[in-house]
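Please look at the model before reading on.

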Amino acid sequence: MARIVVLAERNLTPMRGKTAVGLIRYREPEIVGSIDSTRSGMDVATALGQDVGHGIPVFRDVPESLTARPDTLAIGVSPASDQLKPDFRAQILLAIESGLDILSGLHFRLSQDPEIATAARRHGVRLHDLRTPPEDRRVAAHVERRQGNSTVLAVGSDGTVGKMTTMLELDRAARQAGLSSTFLATGQTGMMIAGGGLPADGIVSDFLAGAVQEHVVELAERFDWTFVEGQGALNHPAYAAVTVGIMHGALPDAMIMCHAAGATSIEERPDCRLPDLPRLIAANEEMVNLVRPDGDCAVVGVSLRTLGMSDRDAAAAVRQVTEETGLPTTDVIRFGPEPLLAALLAHRDNRRGDR
């Protein structure tokens, strides 16, 4: 097991520190601390205001974090920019000088930066750039998956609405139920958690569907359930391309729609209004079934992010979405993923009965 300190300077919040929160939630035994000078002296749970990271200290900087004896610094933010902020560069260089390996999901490639790469060689540490695309390139083709495998994809109404978390929670619930199950990461945070996967937004568009297909077909040989992390949203003006590439590569048997309770527009684009959920669900189904030979993929449930709401308001939001869509709905963290897993099992059984 690694001993990881997570760099989230000025970003250790549930939304801006999505990568940090994901790492802390799903690799908690390996996390020895986080770095955010604006919240130093707290523990992670207090800093986030969430029930995750209790007792994990927040440090002021890398030198202070060394008291926890880390061996790895993980970059806990994932900005859209391909530039490295000066304060992050300084902390990364301090970590390298202290002998820490660096785990990065940034668009900025640490290994291609002369100053950082030279420092890493001098101190004998490894730079892990997770967004480096695979060297093998192939376009998608019609490839049959093993009979008996069910592939499930998370889709969403926006970018940060819990697609990764939903698939991780469903994978965990499936394995706890004794099912043969796995999780396929398609983004840097999921890759940090799972220890593998593919960086979908770092792959040339022509080859994205082929890369996803290759992974899904291989996993289908070994597992009965494959839970694929989605990216972006079909209705997102910036990220729809990666959404479609993953859809057409995975060709899922079923999908889970992820949505933030009360959202009416794309988070960073207030002018970009969200379609109503039934219309968005139909559009996602159509986008897969245009390519899927049997046209049999369906959204079978809704994963609702209710972050910041009271339990009472969250339960009311779940009921409202259930009524609006006619689909089982839950917040997988607050209320658990079981209704979604039950819907997936029922969908699988219905498809088998139709054959």
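## Basis

Two strands count as paired if DSSP finds at least two bridges between them. Helices (H or I, at least four residues) and strands (E, at least two) are DSSP runs, numbered from the N terminus. This is a predicted model, in which local features need pLDDT of at least 70 and side-chain atom pairs count only at pLDDT 80 or more, while totals for chains, interfaces and linings use all residues. Residues are numbered from 1 along each chain as its sequence is written, and side-chain values use heavy atoms, with hydrogens and water left out.

## The sheet

An open sheet of 6 strands has the order β8-β9-β7-β10-β13-β14, with parallel pairing. β8 (181-184) and β14 (329-330) are the edge strands; each has a single partner strand, so one side of each lacks a neighbour in the sheet.

Within the sheet, β7 (residues 150-156) and β10 (residues 254-260) run parallel and are joined by 5 bridges. Gly 156 lies opposite Cys 258 in β10. Helix α9 (residues 240-250) packs on the sheet and touches β7, β9 (225-228) and β10, where contact means heavy atoms within 4.5 Å. The direction of α9 makes about 165° with that of β7; axes are lines fitted to C-alpha atoms, for helices over the stretch in contact, and angles run from 0 to 180 degrees between N-to-C directions.

## Arg 145

Arg 145 sits in the loop between β6 (127-129) and β7.
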